Amino acid sequence: QLCNIPPFICQLHKLEVLLACNNRLVSLPEEIGKLDRLMDLDVSCNEISQLPAQIADLESLRSLNVRRNLLVELPPGLCRLHLNRLDFSDNKISHVPRDYRNMESLQEIILDHNPLVSPPASICTRGRVHIMKYLQNEAIREDRKRGLLSENDMRKNFRKSNSIQPSLSDEFKYMET
């Protein structure tokens with residue numbers, strides 16, 4: 001029944017796995033970014049409404065489970081990590097940041113039971129590859145609106161979005177919200 005993770009936990013520099021699921025956490029300490037060996041973070045089934053920006057400093061992180069919390073947005077900095085698995089199902093997230101399209105190491109993304117608008121549920125049910133293509137195409141559209149893309153750039157980005165391939169472990173764990 002933890003209400004917070006004591007900041008001294010973040011001084012355990014050899015910590016590789018932190019399981020704090022099924023508690024009453026409302027936040028994570030900003031010091032969490034100091035856990036440079038942390039590979040697996042599970043804070044599912046809590047009451048977390050926002051992730052600290054410092055979570056993007058966890059360079060070794062491969063699996064992040066924030067399922068069943070109160071999150072309304074995902075930190076854009078997560079896209080810099082080399083996550084293999086990301087579970088943010090059962091939250092209040094309406095938009096997946098477009099920069100997540102660059103998460104090439106991501107093999108599994110679980111996002112069901114969120115009020116998603118972008119990407120829409122019809123895309124999410126089709127799996128990771130379609131989600132990534134959607135985010136890529138949205139980024140291209142946004143850049144085109146801003147006048148940041150030349151005709152050549154649009155062709156390159158179109159080829160890139162069509163080259164996104166499913167991985168062998170690409171699972172369809174996506175359900176309509």
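Buried means under 20% relative accessible area, exposed over 50%, and partly exposed in between (1.4 Å probe, protein chains only). The model is predicted: local features need pLDDT of at least 70, side-chain atom pairs count only at pLDDT 80 or more, and totals for chains, interfaces and linings use all residues. Residues are numbered from 1 along each chain as its sequence is written, and side-chain values use heavy atoms, with hydrogens and water left out.

**Exercise 1.** Classify C79 and C21 as buried, partly exposed or exposed.

*Solution.*
- C79 has a relative accessible area of 16%, so C79 is buried.
- C21 stands at 28% relative accessibility, so C21 counts as partly exposed.

**Exercise 2.** Find how many disulfides the structure holds.

*Solution.*
- Apply the criterion: a pair of cysteine sulfur atoms within 2.5 Å.
- A search of the whole structure gives 0.
- Check C21: the nearest cysteine sulfur belongs to C45 and lies 6.7 Å away.

**Exercise 3.** List the order of elements along the protein chain.

*Solution.*
- Take DSSP runs, numbered from the N terminus: helices (H or I, at least four residues) and strands (E, at least two).
- The protein chain has 5 strands and 3 helices.
- Their order from the N terminus is β-β-β-β-β-α-α-α.

**Exercise 4.** Describe the largest nonpolar core.

*Solution.*
- Such a core is a set of buried Ala, Val, Leu, Ile, Met, Phe, Trp, Tyr and Cys residues joined through side-chain atoms within 4.5 Å.
- The largest one has 42 residues; L28, L41, L64, F88 and Y100 touch the most other members.
- Helix 1 (121–124) and helix 2 (128–145) each supply at least two residues of this core.
- Helix 2 gives the largest share, 4 residues.
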